Amino acid sequence: MLIIGDIHGCYRELEELLAVAGVGDGEVVVSVGDLVDRGPDPGAVVDFFRQRPNAIALCGNHERKHVRGVLSYGQQVTRAQLGARYADDVAWMATLPYHLETDDVRAVHFGHFPGVPLAEVPEEVRAGTTSGEGRLRERFGDQPWWAHYADPTPIAFGHAVIGPEPLVLDDRIFGLDTGACHGMALTGVRLPERRIFSVPAFADHWATVKHQWQPAVMRELPWATMTFEQIERKLRTLRDPELGDAVLAQVGAWKAALVAALPDLRARLAAEVDRLAAEAGDDFGRAAAGHPAHSWLQRWHTGRLSPSHLGCASPRDVVALGSALGVELPAAPL
Ligand SMILES: [Mn+2]
């Protein structure tokens, strides 16, 4: 059995490692989890573990993020990389076990409470989520959990980047995350033989992938329903000198055009309120009720509408107000 540390979409390194270790079809290949995110080819890595008969993938904190729909930038990149197959792959991730325990081997993505059967250790500790790491700190303070692991059964885990060389303690404790996606190495251990295999990464993949996929991720963000403040913040965090700013500039120009349309919309709204008030006199409410912009007209008439943003928090609101007043505005930036 070859147990492999965090692969993170580094398929070429996976192939290379299997070749270097001389893994045959009959040998079981185990991933400690984090198959995806940050690397160039998450689809090929997932395919390998989905299709190979003798393969076991454990659930890492990165799979767990996808399964729970908690997508930060790294997961948004993976969603774009996987495209149409994303939902199906995530459904598969939801079926992954959180540990492996046999008579002579233990494996887990990250955390363990030594002395407790792995099946009874909380899922988030085994997966190494932020809250799971918190529970490990509560229990062990600044010491790593493996400092308390006295059992003779070898245990392999990933998650914590050790450096380009794995952590090997007492020939029983194997920390296998050697930062494949960060240009270091991909490492596996053959158990119960306790033999380490490692191949250097071909490149610092995440440094490339995070720039390369940014336009695709940006295209999928819900710009129209984000607030103007959220858009401003997003544009700031995504600013990327290495990528150039073509896509960002498009979003920025679109947002600026919508904001610049507000004075005209305000003038039209005020004129419409004056016209209806002149026509309907005291019965303004009834006259406004049939108007496409009635909710804005009512609020303006009673002084409950901010003159600066006209009650529009998001681009979609501005576009809707424009449309209600006969002004066509671009609904999306990209
Ligand atoms: Mn990882």
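This is a predicted model: local features need pLDDT of at least 70, side-chain atom pairs count only at pLDDT 80 or more; totals for chains, interfaces and linings use all residues.
Let us begin with the hairpin of S9 and S10, where four residues lie between the strands and Arg194 takes a positive phi near 65°. The names S and H stand for strands and helices, which are DSSP runs numbered from the N terminus (helices are H or I with at least four residues, strands are E with at least two). Pro192 also lies in the loop between S9 and S10, and the peptide bond from Leu191 to Pro192 is cis, with omega near 0°.

Residues are numbered from 1 along each chain as its sequence is written.

One of the residues involved is Ile3, whose bridge partner in S9 is Val189.

Which order do the five strands of this open sheet follow? The order is S3-S2-S1-S9-S10, and the pairing is mixed. Two strands are said to pair if DSSP finds at least two bridges between them. The edge strands, each pairing on one side only, are S3 (55-57) and S10 (195-200). On average, neighbouring strands of this sheet are turned by 20° against each other, direction ignored. Helix H1 packs on the sheet, where it touches S1, S9 and S10, and its direction makes about 140° with that of S10. For such angles, axes are lines fitted to C-alpha atoms, for helices over the stretch in contact, and the angles run from 0 to 180 degrees between N-to-C directions.

Let us turn to the loop between strand S2 (29-31) and H2, where Val32 is found. Is Val32 buried or exposed? Val32 is buried, because 31 other C-beta atoms lie within 10 Å. The rule is that a residue is buried if 20 or more other C-beta atoms lie within 10 Å of its own, exposed if 12 or fewer, and partly exposed in between, with C-beta atoms placed from the backbone. Val32 and Asp6 are 26 residues apart along the chain, and their C-alpha atoms are separated by 6.5 Å.

Next come the helices. In H2 (residues 42-51), the residues Pro42, Val45 and Val46 are buried. They cover an arc of only 95° around the axis, which puts them on the same side of H2; the arc is that of the directions from the helix axis to the C-beta atoms. The buried residues of H2 pack against H1 (11-21), H4 (73-82) and H5 (86-93). Two residues are in contact if their C-beta atoms, placed from the backbone, lie within 7 Å.

In H4, the buried residues are Gly74, Gln75, Val77, Thr78, Arg79 and Gln81. What covers them includes H2, H3 (61-68), H5, H8 (205-212) and H9 (214-220). Just after H4, Gly83 takes a positive phi of about 55°.

A further open sheet has five strands in the order S4-S5-S6-S8-S7, with mixed pairing. Its edge strands are S4 (99-101) and S7 (167-169), each of which pairs on one side only. The twist averages 10° from one strand to the next. S4 and S5 (residues 106-108) run antiparallel and are joined by three bridges; in S5, Arg106 is the bridge partner of Glu101.

In the loop between S7 and S8 (173-175) we find Asp171. Asp171 has a positive phi of about 55° although it is not a glycine. Asp171 counts as exposed, because it has 9 C-beta neighbours inside 10 Å.

By an automatic or database domain assignment, the chain is divided into domain 1 (2-207) and domain 2 (223-334). Their centres, taken over C-alpha atoms, are separated by 48 Å. Buried residues make up 38% of the 334 residues in the chain.
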